[in-house]
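This report describes selected features of one protein chain. Please look over the sequence and the structure before reading on.

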Amino acid sequence: MSTTRPYPPGDLGPEPGGAGASAAGPAAAVPAGQIRRLRLAGTRGAVARARDFAREALHDWGWLPAAGADQRAAAEDALLVVSELVTNACLHAEGPEELRLRCTAKVLRLEVSDLGAGAPAPRSPHRPGRPGGHGMFIVQRLCVDWGVVRHADGAGKTVWAEVAAPA
């Protein structure tokens with residue numbers, strides 16, 4: 001798990017430029033504190049539903065349609081990370097319960113909650129030619145940070161990841 005940030009999980013840190021500064025980039029139009037939620041418990045086709053839901057949010061937040069290569073790459077990275085997190089919950093954690101998305105001027109935070117007891121980790125050593133086991137390696141490579149938060153009641157966890165907003 002990554003530990004590179006100087007602030008705890010869930011705290012995205014100060015906005016660039018301080019309070020009152022005008023934000024640039026696609027996240028500038030996003031109302032502060034807006035969170036999108038998709039209930040996935042018991043859903044068939046959870047990965048496809050989660051990707052469609054995330055794609056719609058990226059359209060609403062101005063990431064799509066992409067204005068350039070960097071913005072297109074950031075949107076594609078976000079959609080791939082959603083797929084990986086939801087797939088891991090399906091394969092290793094009794095299925096996903098909920099997908100949450102939060103966009104700021106700095107990052108898109110993706111969270112997948114499940115009832116599983118295990119903790120995801122990139123396979124070590126990573127073997128690119130071997131099938132399976134690449135999900136968390138991909139998440140680690142595409143995201144500025146990621147981690148796991150155990151639910152206070154002891155029933156499950158939330159796996160979160162943050163994709164940098166395009167410049």
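## Helix α3

In this predicted model, helix α3 spans residues 135–142, and G135, M136 and V139 are buried there. Viewed along the axis of α3, its buried residues lie within an arc of 90 degrees, so they line one face of the helix. An α-helix has 3.6 residues a turn, so residues three or four places apart point the same way.

What do the buried residues of α3 pack against? Their partners are helix α2 (69–92) and the strands β4 (145–150) and β5 (157–164).

## Helices α1 and α2

Helix α2 also packs with α1, at an angle of about 150 degrees and with the axes 9 Å apart. Because angles over 145 degrees count as roughly antiparallel, α1 is roughly antiparallel to α2. The crossing of α1 past α2 is right-handed.

On the α1 side, the contact is made by A46, V47, A50, R51, A54, R55 and L58. On the α2 side, the residues they meet are A75, A78, L79, L80, V82, S83, V86, T87 and C90. Sorted by class, this contact of α1 with α2 comprises 12 nonpolar, 2 polar and 2 charged residues.

P65 sits in the loop between α1 (46–60) and α2. The peptide bond leading from L64 to P65 is cis, with omega near -10 degrees.

E94 belongs to the loop between α2 and β2 (96–103). Although E94 is not a glycine, its phi is positive, at about 65 degrees. Is E94 buried or exposed? E94 is exposed, with a relative accessible area of 70%.

How values were computed. Residues numbered from 1 in each chain as written. Predicted model: local features only at pLDDT ≥ 70, side-chain atom pairs only at ≥ 80, totals over all residues. Heavy atoms only, no water. Buried < 20%, exposed > 50% of the residue type's maximum accessible area, 1.4 Å probe, protein only. Helix = DSSP H or I, 4+ residues; strand = E, 2+ residues; numbered from the N terminus. Arc of directions from axis to C-beta. Contact = heavy atoms within 4.5 Å. Axes fitted to C-alpha atoms, helices over the stretch in contact; angles between N-to-C directions. Parallel < 35°, antiparallel > 145°, perpendicular 65-115°, else oblique. Left-handed = near helix turned anticlockwise from the far one by under 90°. Nonpolar A, V, L, I, M, F, W, Y, C, P; charged D, E, K, R; others polar.
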